[in-house]
Amino acid sequence: MLGAIIALVALAVLLPAITQDTKYHLFADQRSWLGVPRAADVLSNLAFVAVGLFGVITLLSPRRLSLRNATATSLWCVAAGFVLTGIGSAWYHLQPNDATLVWDRLPMTLVLAGVISAAIAERVGENIAIAALAALIVAGVVSVMYWRRSGNLTPYAVLQFGGIIALVALLALTRAGDDPFAWWWIVGLYCVAKVAELADQNVWQATSGILAGHTVKHLAAAAAGAAMFYPLRSR
């Protein structure tokens, strides 16, 4: 864990600065529906809100699977992050620009922090999981605000991609034990979401304008969240 943290910090500091490509805001699907611009990308954020609420209901249920305290705390972070991501991302897609993108990216750091700390709680220990959760939340918020003030996207990119690589390494190097989560489904769906995001135009062209990659990203990422909470729904 210490090695992963040192590596991520070193990469964030040493890698060249990355600036936000202005073309990022030019999404393939520009269709409006009932007066909603970019309707597919806006309305698909309802999936995030639905998953977050599903997580809240699951965590509050007296019939849910018993969890370690650190795992439950991490999952509350994930549920809140999904609800806030749905709201922030919808706002961003209504008016795509760097200023609104902040409110899309900030809550996504909560989701990533909660997922990684839940894995640490199940595979390593509760004390380090709580410490990791706090550190990752702070790091995520700082990386987004640093990008907004400086224009340098590198720390945020390192946290997002390095965090998922660290999660995969953690899962590969530790025993499952009584871990209830379908981690490889979660990681796989997350990877599908990232590929779809990068292939926004390609998916749009491949489906003859039926669906764009960014909409697929939202749905795949929401499915990853559902896969996180689904195994906990009852004893």
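This is a predicted model: local features need pLDDT of at least 70, side-chain atom pairs count only at pLDDT 80 or more; totals for chains, interfaces and linings use all residues.

Modeller: Helices α7 and α8 run roughly antiparallel to each other, because the angle between them is over 145 degrees. The packing angle of α7 and α8 is about 155°, and their axes lie 11 Å apart. The two helices cross in a left-handed sense. On the α7 side, the residues that meet α8 are Gln-160, Phe-161, Ile-164, Leu-167, Val-168, Leu-171 and Ala-172. Their counterparts in α8 are Trp-183, Trp-184, Val-187, Tyr-190 and Lys-194. By class, this contact of α7 with α8 comprises 10 nonpolar residues, one polar and one charged.

The next partner to consider is α5. Helix α5, residues 98–123, packs against α7, residues 154–173, at an angle of about 20° with the axes 11 Å apart. This angle makes α5 roughly parallel to α7, and the crossing is left-handed. From α5, the contact draws on Arg-105, Met-108, Thr-109, Leu-112, Val-115, Ile-116, Ala-119, Ile-120 and Arg-123. From α7, it draws on Tyr-156, Leu-159, Gln-160, Gly-163, Leu-167, Leu-170 and Leu-171. The contact of α5 with α7 has 11 nonpolar, three polar and two charged residues. Gln-160, Leu-167 and Leu-171 of α7 take part in the contact with α5 and also in the contact with α8.

The largest pocket has a volume of about 920 Å³. It is lined by 43 residues, and those closest to its centre are Tyr-24, Met-108, Lys-194, Glu-197 and Lys-217. Of these, Met-108 belongs to the α5 side of the contact with α7, and Lys-194 belongs to the α8 side of the other contact. At least two lining residues of the largest pocket come from each of α4 (69–94), α5, α7, α8 (183–198), α9 (200–206) and α10 (213–229). The greatest contribution, seven residues, is that of α10. The lining divides into 25 nonpolar, 10 polar and eight charged residues.

The second largest pocket has a volume of about 590 Å³. Its lining of 24 residues has Ile-5, Leu-8, Leu-136, Ala-139 and Leu-159 nearest the centre. Leu-159 is also one of the α7 residues in the contact with α5. The helices α1 (2–14), α5, α6 (126–150) and α7 each supply at least two residues of this lining, and α6 gives the most, with nine. In composition, the lining of the second largest pocket has 22 nonpolar residues, two polar and no charged ones.

One further pairing concerns α10, the main contributor to the lining of the largest pocket. Helix α3, residues 46–60, packs with α10 at an angle of about 5°, the axes being 9 Å apart. The two helices are therefore roughly parallel to each other. Here Ala-47, Phe-48, Val-51, Phe-54, Gly-55, Thr-58 and Leu-59 of α3 contact His-218, Leu-219, Ala-221, Ala-222, Gly-225, Ala-226 and Phe-229 of α10. The contact of α3 with α10 consists of 10 nonpolar and four polar residues, with no charged ones.

How values were computed. Residues are numbered from 1 along each chain as its sequence is written. Side-chain values use heavy atoms; hydrogens and water are left out. Axes are lines fitted to C-alpha atoms, for helices over the stretch in contact, and angles run from 0 to 180 degrees between N-to-C directions. Helices (H or I, at least four residues) and strands (E, at least two) are DSSP runs, numbered from the N terminus. Angles under 35 degrees count as roughly parallel, over 145 as roughly antiparallel, 65 to 115 as roughly perpendicular and the rest as oblique. A crossing is left-handed if the near helix is turned anticlockwise from the far one by less than a right angle, and right-handed if clockwise. Contact means heavy atoms within 4.5 Å. Ala, Val, Leu, Ile, Met, Phe, Trp, Tyr, Cys and Pro count as nonpolar, Asp, Glu, Lys and Arg as charged, and the others, Gly among them, as polar. On a 1 Å grid over the protein atoms alone, a cavity is a set of points where a 1.4 Å probe fits but cannot get out, and a pocket is an open set with protein on both sides within 12 Å along at least five of seven lines; lining residues have an atom within 4 Å of a point. Grid points are joined across faces, edges and corners, and a volume is the space filled by probe spheres set on the points.
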